[in-house]
Amino acid sequence: MQHFVVVGGGQAGASLVAKLRSEGFDGKITLICAEPVHPYQRPPLSKAYLLGEMGLDRLMLRAEEWYADNNIDVMLETRVVELRPEEKTIILQGEVEMKYDELALCTGSYPRVLPGEIGGELDSLYTVRDLADVDLMAHEFESGRNLLVIGGGYIGLEAAAVAAKKGLNVTVIEMAPRILQRVACEQTSDYFRELHTANGVKIIEGVGLNRLTGTDRVTGAILTDGMELDVDFAIAGVGILPNTILADASGIACSNGIDTDLHGATSMPGVWAAGDCANLTYEGQRLRIESVGNAIDQAEVVAKNMLGQNVPYTPKPWFWSDQYDTKLQIAGLNLGYDEVHVKTFSDAPDSRVHWYFKGGKLIACDAMNAAKDYMVAKRLIEAGKTVEPAVLCDENTNMKALLRA
C-alpha cells in the first residue's frame with residue numbers, strides 16, 4: 001500500500017489530504033501537525049476569534065471524526081526533525097523513522113520577531129500567527145489598557161481594530177512612510193488610516209521602534225524619533241517568513257520559500273510543496289502568495305499531481321481583511337502597478353473600489369464594502385479582461401454586464 005505523508009496542519013495540509021481522498025486515493029495518508037489541535041482557520045484568529053465572536057468549534061476546518069472516517073492518520077503535537085528524500089524517509093521527534101512514497105511540505109510560515117536587544121524577549125509582547133498566540137494574549141484585551149501595535153500591515157491593523165472595539169487605547173507605529181505601503185496603493189492606505197483614526201486609534205507613520213522598555217514585561221516604548229509611550233502590552237506585526245527549515249537542511253532548492261515548478265514539485269523527486277512555504281511562478285515572477293485561497297487551490301493541484309495527473313497550477317490570487325464594519329476584498333496582485341483609479345458611491349460613503357492598472361491592463365482591485373464590484377473584478381482579472389477605467393469608476397455601470405462583453 002502506498003503511503004503519502006503531508007507535513008503541516010494548516011489550510012494547505014488539510015486541503016491536500018481531503019483532495020487526495022476525493023480523487024480516489026485509497027492508500028495510507030498521514031497528516032503531521034505541530035499543534036495540539038486539528039487543522040483550523042487562521043484568518044479569524046485576529047478578527048472574530050480575538051473579539052470573542054467565534055468559538056474554537058467554528059474555527060475547525062473539519063470535525064475530528066472526518067479524518068478518522070476517511071482513514072487519515074492525524075499526528076498532533078508532532079514535529080519532523082529531519083528529511084531524507086534520497087531514502088524517502090522522515091525523522092520525527094524521538095528519532096522515530098517514517099517511510100513515505102510521496103511527501104508534501106505544507107509547513108507554512110512563521111512571524112518575524114523583534115531582536116532581544118530591543119525588548120523582543122520581554123513578556124507581554126505577542127505575535128499573531130496561531131491559536132496559541134491568540135489564546136496567550138486574550139486576557140490582555142481589557143478596556144482602558146494601552147496597546148502598542150508594531151507594524152501597519154493587515155495583521156497589525158486587524159488586531160488594532162479588535163482592541164479599539166474592546167475599548168483599549170491603541171497606537172500603531174509604522175516605519176514606512178505610510179501603513180500598508182508594501183501591499184497597497186496610497187489611496188487604500190488613506191482609507192484605512194481614516195477608518196482607524198475615526199475609531200480612536202493613533203497611527204504614527206515614518207517612525208520605528210527604538211526599543212521596548214520594562215524589566216520582565218513591557219511597560220513602555222521608545223520610538224526612533226525619541227517619543228516615549230506608556231504600554232501595557234505590545235503586538236509585533238512585522239511580517240512573516242516561509243518555513244523552509246526542513247527543505248533547506250535536506251538540500252531542496254529554496255529562494256524566499258521552497259522552490260516549486262508549475263505542478264508544485266520541488267527540486268527533489270517525490271517531494272512537493274504548497275501554501276505559504278511554496279515559491280511559485282506567477283506571470284513570469286517567482287514569489288509566494290500568502291493567502292487562504294492560494295493554500296487551498298495549490299494544495300488541491302499538488303494532490304492531483306501526487307496521483308500522477310500532471311495538472312499545472314495557475315494562481316488566482318484573492319485576499320480579504322475585516323476591520324470594524326469594513327470588509328476589504330482584494331482580487332489579483334498589484335505588482336508593478338502604474339495607475340490607480342478610484343470608484344466611489346454616492347449612496348454609500350464607506351464603500352470604495354481602487355482599480356490597479358499596469359501598462360493599460362487591469363491587474364488588481366481593492367474593494368471596500370463593495371462585494372459586487374469585487375466579484376466582477378475577480379472574474380475579469382482571472383479572464384485577463386480589461387475595461388476602461390472610466391467605465392469601472394462609474395457607479396451607474398452595470399458591472400455584471402461587463403462579464404458578457
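Me: Is Arg129 buried, partly exposed or exposed?
Reply: Happy to start there, bearing in mind that this is a predicted model. Buried would need under 20% relative accessible area, and exposed over 50%. Arg129 has 21% relative accessibility, so Arg129 counts as partly exposed.

Me: Which residue meets Arg129 in a salt bridge, and how many residues apart in sequence are the parts that the pair ties together?
Reply: The partner is Asp276, with N to O at 2.8 Å. Asp276 counts as buried, at 12% relative accessibility. Asp276 sits in the loop between β19 and β20, while Arg129 sits in the loop between β9 and α5, so the parts tied together are separated in sequence by 147 residues.

Me: Where does Lys343 lie, and which residue does its side chain meet in a salt bridge?
Reply: Lys343 belongs to strand β24 (residues 339–344), and its partner lies in helix α10 (residues 371–382). Lys343 is buried at 1% relative accessibility. The partner, buried at 5%, meets Lys343 at 2.7 Å, N to O, and is Asp373.

Me: How far apart are the closest N and O atoms of Glu140 and Arg145?
Reply: Glu140 counts as buried, at 1% relative accessibility. Arg145 also counts as buried, at 19%, against a limit of under 20%. In their salt bridge, the closest N and O atoms are apart by 2.5 Å.

Notes:
Residues are numbered from 1 along each chain as its sequence is written. This is a predicted model: local features need pLDDT of at least 70, side-chain atom pairs count only at pLDDT 80 or more; totals for chains, interfaces and linings use all residues. Side-chain values use heavy atoms; hydrogens and water are left out. A salt bridge is a side-chain nitrogen of Lys or Arg within 4 Å of a carboxyl oxygen of Asp or Glu. Helices (H or I, at least four residues) and strands (E, at least two) are DSSP runs, numbered from the N terminus. Buried means under 20% relative accessible area, exposed over 50%, partly exposed in between (1.4 Å probe, protein chains only).
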